[in-house]
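Please keep the sequence and the 3D view at hand while reading.

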Amino acid sequence: MKRIFLNGSMNIDGNTARLAKEVFRGLDYTPINLAEHHISYIGQDSGGQQDDFQKVMEQLIKADDIVIGTPVYWSSMTGYLKTFIDRFADALDAPLASKRVFLLIQGTAPDDAIPYITNVIQHLCRRFHMDYIGSATNSKEAAKLHKLMVINMEKG
């Protein structure tokens, strides 16, 4: 079973990554830090710089479980994650059906952002026939996601 942590934070070892470690506790996973990749905006020429969107998508296609994490910036997800999702939503034929998706929202006041971010991820899951499992904003909720991940792993 392959697990991916898609980290939308600019701080690759920050609070969002810490929360992901709690979700994956004792399980192998591969972090993909969007801050370490160049992903162009939709319709934007990469200016000769290599665009890493397809490389990241190939990792997601191989995954069984995908944990998407973002801190809250200005009542929303990070620009790294938003740009990736914009490109993702434009990938009409991505074979992602039945991937299990978990969401981590981290920040000092994520309550206002939670409905918006959750709605975007749930919409993405519906669009690509992925299974949205749930979200966490703290350690207690991360422990619940961990249990759901392990239960799903035992079923699958």
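## The central sheet

D65 stands opposite R100 in strand β4. This is a predicted model, in which local features need pLDDT of at least 70 and side-chain atom pairs count only at pLDDT 80 or more, while totals for chains, interfaces and linings use all residues. Residues are numbered from 1 along each chain as its sequence is written, and side-chain values use heavy atoms, with hydrogens and water left out. Helices (H or I, at least four residues) and strands (E, at least two) are DSSP runs numbered from the N terminus.

Five strands form an open sheet with parallel pairing, in the order β2-β1-β3-β4-β5; two strands pair if DSSP finds at least two bridges between them. Strands β2 (30-33) and β5 (131-136) stand at the edges with a single partner strand each, so one side of each lacks a neighbour in the sheet. Neighbouring strands are turned against each other by 20 degrees on average, direction ignored. Angles run from 0 to 180 degrees between N-to-C directions, and axes are lines fitted to C-alpha atoms, for helices over the stretch in contact.

| Strand pair | Sense | Bridges |
|---|---|---|
| β3 (residues 65-71) and β4 (residues 100-106) | parallel | seven bridges |
| β1 and β3 | parallel | five bridges |

I66 stands opposite V101 in β4, and the bridge partner of F5 in β3 is V67. Seven of the seven residues of β3 are buried, so this strand is largely enclosed by the rest of the structure. Buried means under 20% relative accessible area, exposed over 50% and partly exposed in between, with a 1.4 Å probe and protein chains only. In a regular strand the side chains alternate between the two faces of the sheet. Both faces of β3 are covered, with D65, V67, G69 and P71 buried on one side and I66, I68 and T70 on the other.

## Helices α2 and α3

The axes of α2 (residues 53-62) and α3 (residues 79-89) come within 11 Å and cross at roughly 75 degrees. The two helices are therefore roughly perpendicular to each other, a class that spans 65 to 115 degrees. In their contact (heavy atoms within 4.5 Å), F53, V56, M57 and L60 of α2 meet F84, R87 and F88 of α3. These residues divide into six nonpolar, no polar and one charged.

In α3, the buried residues are L81, T83, F84, I85, R87 and F88. They pack against β1, α2, β3 and α4.

## Nonpolar cores

A nonpolar core is a set of buried Ala, Val, Leu, Ile, Met, Phe, Trp, Tyr and Cys residues joined through side-chain atoms within 4.5 Å. The largest such core has 32 residues, and L6, L60, F84 and F88 have the most contacts inside it. At least two residues of this core come from each of β1, α2, β3, α3, β4 and α4 (114-127). Helix α4 supplies the largest share, five residues. Apart from this core lies another, of 15 residues, among them F5, V23, F24 and L145.

## Loop residues with positive phi

S98, in the loop between α3 and β4, has a positive phi of about 75 degrees although it is not a glycine. H129 lies in the loop between α4 and β5. Phi of H129 is near 60 degrees, a positive value in a residue other than glycine. H129 counts as exposed, at 57% relative accessibility.

Note on methods:
Parallel < 35°, antiparallel > 145°, perpendicular 65-115°, else oblique. Nonpolar A, V, L, I, M, F, W, Y, C, P; charged D, E, K, R; others polar.
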